[in-house]
Amino acid sequence: AVYLGSRGQGLFYTYNNADTWQSVDAMNGKFIYALAVDPTNKCVIYVSDGSHVFKTSDCLRTWKLMFTEERPDQRFVALGIDPNNPRVIYGAELGGDIVRSSDAGASWRIVKRFNNQLRDMTVDSSGKLFVAGYKTGLFRSADGGENWVNANKGFENFSDSLTFNRLELNPAQKDSLFWISKYGILRSNDA
């Protein structure tokens, strides 16, 4: 399946290489800011409309509200699932908070407060977290978000590289990621 989160039109999916698309009734009209599919059970999907995190465990048939962000100036920009323990779910919020659930979304806690806007987050196959901050660069955690290191080494060699657009794991190589910025596409082979 391929999923598409839209801005104001809801969530869509296709099972036939995008020949046809279906909408998810429960998400109609929503802005979908983040989506994560459980790597061990493709029927378990987490979706955020910014201030809420929803979960389906039955391949989009029913949805349960798992979390509500009550601060009006915050919204989720990314969700991730630890591939080694899919009960561990991460959320990155625009205002700089990283939240984590260790029980498949039943409860959440803030594990890190960055003092800047976050724009993206991803979890690699080993469970390392990477977050991208607005004009502050890349940060990495290898312990579930408790401790973070600045991973910006080398960005100073590329003008406007901190003006971030997208962060993508390299599926062809372990410990490799792409940083897509105003400068262009940069690749790290030792992330």
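Residues are numbered from 1 along each chain as its sequence is written, and side-chain values use heavy atoms, with hydrogens and water left out. Because the model is predicted, local features need pLDDT of at least 70 and side-chain atom pairs count only at pLDDT 80 or more, while totals for chains, interfaces and linings use all residues.

Start at strand S5, residues 45–48. Helices (H or I, at least four residues) and strands (E, at least two) are DSSP runs, numbered from the N terminus. Two strands pair if DSSP finds at least two bridges between them. S4 and S5 run antiparallel and are joined by four bridges; Leu-35 has Val-47 of S5 as its bridge partner. S5 is also antiparallel to S6, again over four bridges, and here Tyr-46 is partnered by Lys-55 of S6. Three residues separate S5 from S6 in a hairpin, and Gly-50 in its turn has a positive phi of about 110°.

In a regular strand the side chains alternate between the two faces of the sheet. In S5, Ile-45 and Val-47 point one way, and Tyr-46 and Ser-48 point the other way. All four are buried, meaning under 20% relative accessible area, where exposed is over 50% and partly exposed is in between (1.4 Å probe, protein chains only).

The whole structure holds one disulfide, defined as a pair of cysteine sulfur atoms within 2.5 Å. Cys-43 and Cys-59 form it, with their sulfur atoms 1.6 Å apart. The link is left-handed, with -55° about the S-S bond. Cys-43 is partly exposed, at a relative accessible area of 24%, and Cys-59 is partly exposed at 24%.

Nine aromatic pairs are found in the whole structure. Rings of Phe, Tyr and Trp (its six-membered ring) pair if their centres lie within 6.5 Å; planes under 30 degrees apart count as stacked, over 60 as edge-to-face and the rest as tilted. One of the pairs is Tyr-13 with Tyr-15, tilted, at 5.1 Å centre to centre and 55° between the planes. Tyr-13 is buried at 18% relative accessible area, whereas Tyr-15 is exposed at 56%. Elsewhere, ring pairs link Phe-67, Phe-76 and Trp-108 into a cluster.
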